[in-house]
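Subject: Structure handover

Hello,

Please find the structure below, for your own reading. My notes on what turned up follow it.

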Amino acid sequence: MPALDLAAARAVVPRAASTTLVLRDGGPGIEVLMVKRSAQASFMPGSYVFPGGAVDASDADTAIDEPRETLIARIGRITGVGERAPAYAVAALRECREECALDLGSTRALQPWSRWVTPLGLPKRFDTLFFVARAPDGQTPRPDEAETTTLEWVAPGRALEGHTAGTFQMEFATVTTVRSLLPFASVQDTLSHAAAQHEMRAVHPRLVLDAQRRITGVLLAGQAGYDDWPGDGP
């Protein structure tokens, strides 16, 4: 799929979205819950992703059982989304219920992990907060069989091996996020690291294009050639 021309690309405003890395302690280390998107999905069809989706307008008005100021301080200020943090957190809880039938309970279960903005040039763009959360006891996740067709608890290393082998399809941001889990031996280690973060800059990948504007690669800030391609963030 070719990228949009620059004028059209700049007209696409990233939509707020949330996704959650639901974690449990497995045999050799942590496992993360991943769902496979339907082949008919309009965004990342056939790929394994974390439960998540766009923030709805109603999410901002949904009651939370954590003081709003506390949530804004520990999520909004750190990630840069400010007073929109409650809507992001509510969306993360809602999407887990809708896509994999898990009730994480309170926004207190969520810790911010990273923030990604879809690259300039794609027809659908999202400004996504990634959260981490411990899997709730006594609940069995299941796919909704609409947006998601199957799900799997997978160790980060095994997911990356499957992706390299071509048997576990993941997109760029998902691969990078799965890789970020490799240093952590337990869920508690992961959550503690997340809670200790003081600032989280949004990640703005940039697309590498050929002469026909077909996508040939993706670059992150600091990689060679990053500044040669247009983007809307650092």
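Which residue follows α2, and is its phi positive or negative? The residue is Gly80, and its phi is positive, near 90 degrees. Keep in mind while reading that this is a predicted model.

Helix α2 covers residues 68-79, which makes twelve residues, and at 1.5 Å a residue they should span 16 Å.

Several residues of α2 are buried: Leu71, Ile72, Arg74, Ile75, Gly76, Ile78 and Thr79. An α-helix has 3.6 residues a turn, so residues three or four places apart point the same way. The cover over the buried residues of α2 includes α3 (85-100), β5 and β6 (126-134).

Strand β5 comes up again in the second largest pocket. This pocket has a volume of about 180 Å³. Its lining consists of Trp113, Ser114, Trp116, Thr176, Thr177, Ser180, Phe184, His193, Gln197 and Val203. At least two of the lining residues come from β5 (111-117), and at least two from α5 (172-180). Sorted by class, the lining has four nonpolar residues, six polar ones and no charged ones.

Thr177 sits in helix α5. Is Thr177 buried or exposed? Its relative accessibility is 2%, and buried means under 20%, so Thr177 counts as buried. Leaving out residues up to four places away in sequence, Thr177 touches Leu21, Phe50, Trp113, Trp116 and Phe130. Of these, Trp113 and Trp116 also line the second largest pocket.

How many cavities of 30 Å³ or more does a search of the whole structure find? The search finds two.

The largest cavity has a volume of about 60 Å³, and its lining is made of Ala3, Leu6, Ala9, Leu120, Gly121, Leu207, Leu209, Arg213 and Pro230. Helix α1 (6-10) and strand β8 (206-209) are the elements that give two or more residues to this lining. By class, seven of the lining residues are nonpolar, one is polar and one is charged.

The second largest cavity holds about 40 Å³ of space. Among the residues that line it are Val117, Leu120, Arg125, Arg206 and Asp232. This lining has four nonpolar, four polar and three charged residues. Leu120 lines the largest cavity and also the second largest cavity.

Regards

Conventions: Residues numbered from 1 in each chain as written. Predicted model: local features only at pLDDT ≥ 70, side-chain atom pairs only at ≥ 80, totals over all residues. Heavy atoms only, no water. 1 Å grid on protein atoms, 1.4 Å probe; cavity = no way out; pocket = protein on both sides within 12 Å on 5 of 7 lines; lining within 4 Å. Points joined across faces, edges and corners; volume = space filled by probe spheres on them. Helix = DSSP H or I, 4+ residues; strand = E, 2+ residues; numbered from the N terminus. Nonpolar A, V, L, I, M, F, W, Y, C, P; charged D, E, K, R; others polar. Buried < 20%, exposed > 50% of the residue type's maximum accessible area, 1.4 Å probe, protein only. Contact = heavy atoms within 4.5 Å. Expected span 1.5 Å × (residues − 1).
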